[in-house]
Every structure is written in structure tokens, then in C-alpha cells.
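The following note is meant for a colleague who is opening this model without having seen it before. Please keep the sequence and the structure in view while reading the numbered points.

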Amino acid sequence: MSKHEMLGAPRGAEQSELACTINGEEMKLEVAGARRLLSVLRDDLALTGTKRSCEIGRCGACMVLVDGKPINACLTMAYQCAGKQITTIEGIGAADGGMDPVQRAFLEEGGFQCGYCTPGMIISVKALLDRSPDPSEEEVEEALSGNICRCTGYGGIKRAAQRAIEWRREAP
Amino acid sequence: MLLNRESSGKRWRIRPDGLGKVTGRLAYLTDMSAAGMLYGRVLRSPYPHALILSICTEKAQQLEGVHAVLTHLDVPGLNRYGIAHQDQPVFCENKVRYVGDAVAAVAAETAELAEYALTLIEVDYELLPIVDDAELALLQDAPLLHPQGNLLHRSQFNRGQLGSGFAACTHIVEDTYFTPRQMHTYMETEGGLFVPEEDGRLTVYSPTQHGFMDRLQLSRITAMKQERIRIVSSPIGGSFGGKDELNVQPYGALLALKTNRPVKLHHSRWESVRAGLKRHPMKISMKTGTDASGHLLAHQVRIIADTGAYATLGAEVLNFAVEHVLGPYRYDHVKVDGYSVYTNNGMSGEFRGFGGNQAIFALEGQLDRLAEKLGMDPWELRRMNMRMPDDPGPFGQPIVVTEGAMQVWNAAEASGLWQERGMPNREEEREPWIKVGIGSAFTMHGGGLGVGIPDPAGGRLLLAADGCIEAIFGYEEFGQGLLATLALMLIEQFGLAESDIRMIIGDTDLVPDSGSTTASRATSMMWKTLQNLKAPFTSQLLERAAELLGKSADKLAMGAGGIYETAGDSLLLTYKELAEAKGERISCSTAFQFPTSDTPRTGAHFLYTYAAVVVKVEINQLTGRVRVLDQYHAVAAGPVMNPQGFLGQIEGGSSMALGFAITEDAVMQQGQYMTKNLDTYLVPTIVEHRGTVSVEPIEHLPHGDSFGPRGIGEVGSVTLAPAIAAAIHQAVGIRVTKLPIEPELLQNDCAFAFAEEAVSKR
């Protein structure tokens, strides 16, 4: 008995081509219609820095930048990414392999513990600073309100965000 | 001095696991995959209590791309697991007892196919009456979950004569406290990769807090020798006690062995919620009395803990709660009666604080109520009744001499936040429906597993062939900063540079069994291990160096990069040169037990950490919502091993306590979870964390103390909730008895009138 003969077998398996840019690299991927961006990134491309946690857009562990905006990869269908620029945590940082100041701030301030929320947190802070270089505390809170951290109590994360903001102030 | 980056100076260091975490390059065990890998899925019971009449897997077996469908008939060894009591079925045979109970498992070529295959497994159930209330479960006519009855464990403690104790009391308060089914909510859900090796061994890449315990349990289940199983167990995306028991491992292991292919399992959040452990919901009734001046005379406690369908560590958690409902106070007459009860609710188990959280919320509530009756400052009442440095522990057991109780009491008393309490409340600056209050609480919290429970510790140091000094421990890094703490201790105690060190943890093929990474014990035990190893390891190194250099060993010293002449600054010999020299490999190991008290009382502790919390909260009487504005934590745990880690653990623990106090409850009705994911199960976000968290470590230990740093992994999570309750009372005069705090309790009709008036004025 083949799976396609059975009532209720998994659907949406038809492949279609997805052209997008991921971490600066133009890609053409064969992706089933029902796939989510999170699954394409993690399972097909082995970009496992984007984390899977709640899968309902609540925790932010799977946050990536799509055309510079932070979005939850768990809520994004792969086909919606056609023609878009996607940046995952692996694509954050200087071209020479150095770190982005936001990453460095998280590292130096201890803005992480288990680190599972960290890629999403860094994406959110990065997106915030790119659109609002000198945000208020309220803006930082708002920007990170969709990212849950269970380890730090957000103390280190707030300190990291503040430090990244200070660095940007000092050297815009 | 408050703990922060500035006050820590050079000891504020970048974590060794930091770079991989901020770049996303660190592969967690649930990120792993392997060529030819299959996907595993577990079929779980939809019913909280039912008989299994039949299981038919034929249709699922026939599905193309499905490589294995397993039931209880396919378990080669023991079809049970559990750290302390092996009573949880790997696969249920004839009865399910909660909605996470596993009935079958599938391995298929895609995750979707595995999911679909589950729907083709036909299980015929006969529903049984549901036992969803721990108290009712103890009644004589309650349906039985287990043949031996619904009582997992009873724990009692008696001292003095309760009747005459209460008869002598001038003031008595009585209340009942309820605490929620809190969820660990580690961000990385349970999962892993299970690889059958060519030589017939099995490698398990799956997070756990104790690799050797998993290995033992998997060996029982698979009927394989322990040595044939390798457990790789770090890094972990959070655990907090929740990944100490087996979770996906039995299924991944059995599927991999059956198919002879690597199998990946990774729980969805809903699967994690239904199958995973929670904090034991407890109902704690207390009656406590004092004489006219406020001295505690009598304390009576009844604890009912809902342990769910299987034992896990329910008995041990209850024992801990029984100890901690007594707390750091002196009384002559005490009676505690605790029951851990099976129900058809979700599984309860180990969770940061281990029953202390529930106990301390209740006990500190009693102290506040008594102070009110006495017309006394609640903090002063605590001082009057607290244990003295030489006093025995809560069970009357000998414990290490400690000034911790008074130290944290004094620190909190002197804190700016507590002093603020006496200052004028600037009501006019706020909307009339916003009220502000300040409260405090304190505690002693035991570390280690306690009397009568195997609690091994130890580790190994060796000079590797490439000149790295390897520190090899059986502990796990689940985010708490264990690697950073170990690195800092090696740097500070041995004079090493970071580049001289290689830390090896979390792999049963490579490390000694150092006991579980739990019960706030790992830092203490790593410190003790290094103390034991320092002299023999250093002297071995220096003697070898002395031979090579033709100098006397006592003129040489270890330092960054190699061996130095004590008198001068020049590097005489690198560790690499030392490693390349002829002779036996330089290596030292030590093994010992976590120190325990000389008492027969199972679970009683010997080492304690003390903490006091002051908290300022704001209550919105329109919404009934509580917001924590500022927190002060004094923690007496001996010398701070790792400032960043210490601060992070207290901040993080307090965040968990905040959730416990104001939002978190895995709500169940009729044995079914109502809160299935993070949209309804609400853990604190950054928005709930306004204001400051000040952490003051008290590092001073009594003269001659040889036990060094005490654990702090749990103590930050146990004292905030009662302090919040005290602050709420100070602000609005309402006593909270049930957590999480129900907003309805704090809403105020007068506030609505104020609000209407304010709006009409605009």
C-alpha cells in the first residue's frame, strides 16, 4: 500500500521552486507547498542556529530577518519568501567572520545562559537598532517582548541591549 | 557589595560556550542529524485514565516508509523507568494513567509520515473514572491508579507536644496555601539523536542532567550492558530539573535498535507540555502560634502534593517540602504530615527549588500573618525566631555551622529597598488606583540530595598529549554556566591561562560519574574536587618539570602556559613540552560523596544556602495585575566562584519565581491540559521585568569552614513569591493564599469609581 493511496495521507507534498537569498547567497530550492521557513532552514539547509521552540510565534526562538524585518520563521510559509532576503543568525556578523556589535554585547554582558533563545534575541535587537539606532528603554522592551528567555530573567539581555546601543552612540 | 560587571572586575569573563551561542554555531543535541536518519514519533494516550483493550499496529506497519512500530511487546528489557522508583511504563500494557502516557512509537522516513503513521495505530480504550484531585484520591472509595493505592509517599515529622504547645500560645494563625502546576518551559524541548553504531553499541545524543543515570536506565530497558551505551548529554537548551528523568530516550533508543538506523526525535511544544514534568501542585495547611511576645511555640503543617500518574521524584520532593516548611526558625512543638498522591493529572517531578518553593511560600505567609496579629514588624518577628549559627537543622539534625540566616537578615534590613518602606509613600505621584508596597521573605535552602540517597561526586585532571590540561567531569551544562565556573576556578586556583584548559563533560565514554547535575550541587562538588586534586596534580607536574629542568620542584610553580621559576617571571617549560616528556601520563582523580548530616532522617540536608529578598510591587486595582518594580536579593553561599553566573542564576531564578507568583499555571480540567502552549501558559517576558534586580552575595563563611561555596542554582527561585505576597499585603491589605495570584482578588470597586472620576475630569 502506498502512502498516496491512503485516505488522509500527508498532503502538500508537491514540490515547487523557491528562489530567495539566504545570508547573502542566492538560492533556488525545491520546497513542498506546506513547508514552513523554519523547517526549510533547519532541516534542508542545516542552518540550525534558528531554533524551534513553541512553533506558534510566541517565543521568538526562530526569529530571522526577512528583508530586514524580524519575523518568526515558524509562522512563515516557505513560498512566502520568494524573492526575499533572509538573514539567519549564521548571516549576522561582519563578512570577515567577525561578530556584529550586538553579538559582541551579548557575549560580553552575559546576555544568555542556555543560549537557545539567543539567536532570536540577537535578531530582534539587531532589527531594532537598524530601524531605531538610539531606542528608549520602552522601545527595547517592545522590540523584545516577542522573545522569551527562561534562563536569564532578562537582566543580561537588557544589559547587552544597552551596551550595543551605547556602542552605536559612540561610533555611529 | 552589589554584584555586577564593575564590582566583579577581571572575574567578569566571557563564557567559554559563549561564542557558539551568540553566533548560532553551537549545535544542540536536538540540532543534530545523521545520514539515513529516520524520524521518531510517540503515540500518547488521549485519555487521562483508561484500560487498553487492544492495540493494532498493522496498518501503520504496512505504510511505505515506516520502518518500525513499537509497543510494550517490543521492549526487550524492563518496561519501566524512573530515577528513584521504576514505575513509569515505557509503553503502557493494559492501562493509561495520564494524557502523556506512551502506547506506541513509530520510526519513519519523514516526520510527516511518522505523524501520519500514528493516526493508523488503532487502540481500543475503555474509559475509567478520573482522579484529578489529590485530596479526593486519598478517600477510601477513590478509583485506584496503582494496585498498592493512590498514596505514593507519606512523610512526617514530630517534635514536642503539639497540644500543649498550642495551648500555651497567645496568637495562632491558620491558613491554607495553594501553589500551581508550574512548567519548566525550557526553550529547547526534549529530543535527540539515537545512533546504532557499527560495533553494535548505541550512542544517545539527548539532553539530561545525569548521563550515567540515563545509561543505567536505558540499559535496563534495552537489556544491553551499560558499557554498550554511550550517552552524550550536553549542551542543553535549559532544563531546570525537567530533563533529569528520561523523556524521549527510551523511544529513540528502542527505535534505533529496532531499525538499525539513526533516529531523531524532537518534541513539539504541545508534546512537551503533555508528556513533560511539572512542579508539584501543593495544598499546604498551616497552623502556627506564638506567645504574647512573638516567640514561635507551635507549628502544624499538612501537605498534599499532586504527583500525577507515576512516582518520578515525588517522594523526595515531598521530603524536601517537609524539611522546608520548618525553615530557619526555632519552635518547640512541631508536627508535619505530608502526602504525595497519585492522580490522573500531568506528571509532577523535579523542578528547581524541589518543593522548597511551595513550602517557603506557605511558611513565610504564616510569619507575616503572625506579625500582623502581634502588631509587630514582620522582619523583626523573623529575627526573634531565627536559628542561631550553632543550632541544628530543621529536623534537629547536625548541620554545618552557619551564620547565613542572620547575615541575609541583616543585609536585607540594611538594604535601600527595605529602608524605603519607612519613607513617606508618594501617593500623589500615581494614579489613585495604583498602589505600591514593599515586602520581604527569607529562607534556608538545602543543597545536595541529602541523607540516605547516593550522592557521588568527583572528577579528574590530566595533562593531555597536546599540552592541554583536561578537566574531566560527569556534569552537564544546561545554561547555568558550569563550564564558565569550572574554567574560572582552574584559572584562579592553578594559575592557568584559558588556552591551557580543555573541559570535558557530558559524555559517558569519557568522563567519570560525578553524580547528577542537580540539587545546587555541581559548583560545590567541582570546587571540592579541585581542592582534592590541587596538591597531588601540581606536585606531579612540578616533579616531572623538575626532572627535565634539573631544578628542585619546590622552586617551581604552575602558571599560564607552563612552569615558572617561583622567584622569577620566565617561563621555563611549556605544558606541551612537559606532556611530550617521557614517563607515565600525569593524571589525578578523586571520588567522594556530597557531605551529609549524621542523622537517620532520609533526605535531611547538611549544607544550606540562605537568601533574603526584598521586593517592591505595584498593584493596579483596575486590572488586578501585579508588577514587580524592584528586587533586592541577599544570598549567603560562601565565596562567589563566577560572578556573571551567580548574578545570572539569581536573576533567572527570581524570574521563574515571578512566573510562579503571578502568571504560570498549567491548568488542568478532568486530567486534560487547558494550557497547551506559550499563548496560554504565560512565562514572564521582558515587559514583566521592569525595574532593578540587585544581588548582594555574602561570601563570608565561619572560621574553619572547609565546605567552600554552596550552591545557588535554586535559592534564587524560592523566596520571591512570599515577598511579593507580603508586598501586596502592605499595599492593599489583602492576603494572597493561592498562586499564581488571581487578578480578581486585587481588583477594587473603589478604584473603578476613582477611574471614572478621573476620566470625567479630563
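Which residue of β17(B) stands opposite Thr290(B)? The residue is Leu296(B), and the sheet to which this pair belongs is taken up in point 2.

1. On the basis of the note. This is a predicted model, in which local features need pLDDT of at least 70 and side-chain atom pairs count only at pLDDT 80 or more, while totals for chains, interfaces and linings use all residues. Residues are numbered from 1 along each chain as its sequence is written, chains are lettered from A and ligands numbered from 1 in the order in which they are written, and side-chain values use heavy atoms, with hydrogens and water left out.

2. On the strands of chain B. Helices (H or I, at least four residues) and strands (E, at least two) are DSSP runs numbered from the N terminus, and two strands pair if DSSP finds at least two bridges between them. Strand β10 (residues 171-179) of chain B runs antiparallel to strand β16 (residues 282-290) of chain B, and nine bridges join them; here His171(B) stands opposite Thr290(B). Nine bridges also join β16(B) to strand β17 (residues 296-308) of chain B, again in an antiparallel arrangement. The hairpin formed by β16(B) and β17(B) has five residues between the strands, and Gly294(B) in its turn has a positive phi of about 110 degrees.

3. On confidence in chain A. The predictor's confidence in each residue, pLDDT, runs from 0 to 100, and for chain A its mean is 92, with 92% of the residues reaching 70 or more. Over residues 1-5 of chain A, however, pLDDT stays under 50, and the model has seven contacts (heavy atoms within 4.5 Å) beyond four places in sequence for them. Where pLDDT is low, the predicted coordinates should not be read in detail.

4. A residue is called buried under 20% relative accessible area, exposed over 50%, and partly exposed in between (1.4 Å probe, protein chains only). Helix α10 (residues 314-324) of chain B has 10 of its 11 residues buried, so it is largely enclosed by the rest of the structure; among the buried ones are Val317(B), Leu318(B), Asn319(B), Phe320(B) and Glu323(B). Gln621(B), in the loop between β28 (607-620) and β29 (625-636) of chain B, is likewise buried, with a relative accessible area of 8%. Leaving aside neighbours within four places in sequence, Gln621(B) is in contact with residues including Trp433(B), Lys435(B), Val732(B) and Phe752(B).

5. On backbone geometry that deserves a second look. Most residues other than glycine have a negative phi, and most peptide bonds are trans. Ala46(A), in the loop between α1 (37-44) and β3 (63-66) of chain A, has a positive phi near 55 degrees and counts as exposed at 56% relative accessibility. Thr185(B) also has a positive phi near 55 degrees, but Thr185(B) is buried, with a relative accessible area of 1%, and lies in the loop between β10 and β11 (191-196) of chain B. A cis peptide bond with omega of about 5 degrees joins Ser234(B) and Pro235(B), and the bond from Leu739(B) to Pro740(B) is cis as well, with omega near -10 degrees. Pro740(B) is found in the loop between α19 (720-732) and α20 (743-746) of chain B.
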